[in-house]
Amino acid sequence: MRSYTLIAPAKINLYLEIIGDRPDGYHELVMIMQSIDLADKIEIKSISSETIQVHCNHPQVPTDKSNLVYRAAELMAKKFPEAFAKYGGVDITLQKYIPVAAGLAGGSTNAAAVLVGIDLLWNLGLTQSELEELGATLGSDIPFCIAGGTVIATGRGEQLAPLPSLDHIYIVLAKYRSLEVSTAWAYKTYRQEYGSGYLKDTNDLAARAAAVHSSAMVKAILDKDTAAISQQLHNDLERVVLPAYPQVLQLRELFAAQTDVIGTMMSGSGPSVFAICASQAQAEQVKLQIREAIPDEDLELFVTRTIAQGIRVA
Ligand code: ATP
């Protein structure tokens, strides 16, 4: 039986701006996404029966059709029925290391890995943009997760413009295990509170999205200037999540108060919060300081770093 083991990295948002509504009900976004080396491991193998089987070591992650990896495999079976018939079904085993419902694109990166894995398993020879197009039909963050790295994402997050990669920026990541923020709630609340300021005109939306290319954040990334990147971190969703979730606000303030932290921000719709440090040693030190300040075992802390790649074969 053929099998592949894939590494599926999480992402953080260095920048997230909500600029308007879309006719399809999503928001028009301007984001800068960044892969990090905190990753799930996914084993995918062909099986003789024409079925899709999912196994996972994490109690919060479903193994039925609601798992994004199931839907990714189902999509491939539908798109490539001859290959499905020729190679048989797929058995997928997920080993989760990325915190669930954290704003780190855990489910999306798993689905991206399954698209890449099945492409290999069935010898389909799909291009990166074909894989991204398939991914976009399942979820907005999936196209980014395929190649990963450092990328400007616009539209609903599926239109990608790669930036030079940022290797080795050290990150401390914090997430309360039992705390989940619904992405749908965060965007809906943002619309209710700030929707009156959205750009309406299509030309204005296009101009705003294009302006990111000459923004201070993109300049900082092109200069590989970690201090300037840290100063330009931005996430509009903090405006609704921080007031509603005091634990996230507390983490954010605690990170900001550490001497060795040069920038801190919530990732995506939260509740994970990350902090940028100048070295791995400083990141380890900050992790210890946060652990001392919040001895609660429910708080998970990681030291991780930015990486230049998305899905890869182990
Ligand atoms: P995003 O940053 O894209 O909004 P997230 O990191 O906030 O995603 P996920 O970890 O993808 O959120 O999980 C969101 C929900 O999706 C969870 O409550 C979980 O039950 C469900 N889910 C479905 N498939 C997966 C998967 N493969 N891994 C994790 N969660 C999954």
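**Reading the ligand site and the backbone**

User: How many residues of the shell around the ligand are nonpolar, polar and charged?

Analyst: The shell around the ligand holds nine nonpolar, nine polar and three charged residues. Here Ala, Val, Leu, Ile, Met, Phe, Trp, Tyr, Cys and Pro count as nonpolar, Asp, Glu, Lys and Arg as charged, and the others, Gly among them, as polar. This is a predicted model, in which local features need pLDDT of at least 70 and side-chain atom pairs pLDDT 80 or more, while totals for chains, interfaces and linings use all residues. Residues are numbered from 1 along each chain as its sequence is written, and side-chain values use heavy atoms, with hydrogens and water left out.

User: Which residues come nearest to the ligand?

Analyst: A residue is near if one of its heavy atoms lies within 4 Å. There are 21 residues around the ligand, and N67, A101, G103, A105 and G107 come nearest. Helix α3 (residues 106-121) gives the largest share of the shell, four residues; helices (H or I, at least four residues) and strands (E, at least two) are DSSP runs, numbered from the N terminus.

User: What lies 2.7 Å from an oxygen atom of the ligand?

Analyst: A backbone N or O atom of G107 does. A polar contact is a pair of N or O atoms within 3.5 Å. In the side chain of D141, an N or O atom is 3.0 Å from a ligand oxygen atom, and a polar backbone atom of L68 is 3.1 Å from a ligand nitrogen atom.

User: Where is A101, and what is its phi?

Analyst: Most residues other than glycine have a negative phi, and most peptide bonds are trans. A101 is not a glycine, yet its phi is positive, about 50°. A101 sits in the loop between β4 (89-95) and α3.

User: Which peptide bond is cis?

Analyst: The bond from G270 to P271 is cis, with omega near 5°. P271 belongs to the loop between β9 (261-266) and β10 (273-277).

User: How many helices and strands are in the chain?

Analyst: The chain has 12 helices and 12 strands. Its C-alpha atoms fill a box of roughly 55 × 50 × 35 Å along the principal axes.

Terms used. Polar contact = N/O pair within 3.5 Å; in protein donor to acceptor, adjacent residues only side chain to side chain.
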